[in-house]
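Welcome, and please load the model in your viewer.

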Amino acid sequence: MAGFSSFREFYPYYLGEHRNRTCRRLHFVGTSFAIGFIVLAVKGGNPWWLLAALLSGYAFAWMGHFFFEKNRPATFKHPFYSFAGDWVMYRDILIGRIPF
């Protein structure tokens, strides 16, 4: 895995690691749950929901990689770009730029 000098350079690589539709769907579901848990944390004042957000986001994504994409999540080598990539991919799925 090569080094990346910017997120713009990394994102095409990130998308290449998410070719499997089920993997992308699991990312989307996990991120949606994470958003819900963040809302619960803010509204209820209970920071434990933030842990649920983190766990749900990564659990669904990693299941997609290990069982469907059959690759190692980019999180292990590029944690910050990968985290940003998940949110950009989520947006791209929402607006129809990437097939769900």
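Read along the sequence, which pattern does the protein chain follow? The pattern is α-α-α-α, with four helices and zero strands in the chain. Helices here are DSSP runs of H or I with at least four residues, strands are E runs of at least two, and both are numbered from the N terminus. The radius of gyration, taken over C-alpha atoms, is 14 Å, close to the 13 Å that the globule rule gives for 100 residues, so the chain is as compact as a globular protein of that length. That rule is 2.2 Å times the number of residues to the power 0.38.

A word on the model: it is predicted, local features need pLDDT of at least 70, side-chain atom pairs count only at pLDDT 80 or more, and totals for chains, interfaces and linings use all residues. Residues are numbered from 1 along each chain as its sequence is written, and side-chain values use heavy atoms, leaving out hydrogens and water.

**Whole chain.** Show the C-alpha trace, which spans about 40 × 25 × 25 Å along its principal axes. Colour by accessibility next: 38% of the 100 residues are buried (under 20% relative accessible area, 1.4 Å probe, protein chains only).

**Annotated spans.** Select residues 26-42 and then 48-68, which an unreviewed UniProt entry lists as "transmembrane region"; such annotations may be inferred rather than shown by experiment. Residues 26-42 are 100% helix, with end C-alpha atoms 24 Å apart. Residues 48-68 are also 100% helix, and there the end C-alpha atoms are 30 Å apart.

**α2 and α3.** Now select residues 21-44 (α2) and 48-69 (α3), which pack at about 175° with axes 7 Å apart. Axes are lines fitted to C-alpha atoms, for helices over the stretch in contact, and angles run from 0 to 180 degrees between N-to-C directions. The two helices are therefore roughly antiparallel (over 145 degrees). Their contact has 17 nonpolar, seven polar and one charged residues.

Notes: Parallel < 35°, antiparallel > 145°, perpendicular 65-115°, else oblique. Nonpolar A, V, L, I, M, F, W, Y, C, P; charged D, E, K, R; others polar. Buried < 20%, exposed > 50% of the residue type's maximum accessible area, 1.4 Å probe, protein only.
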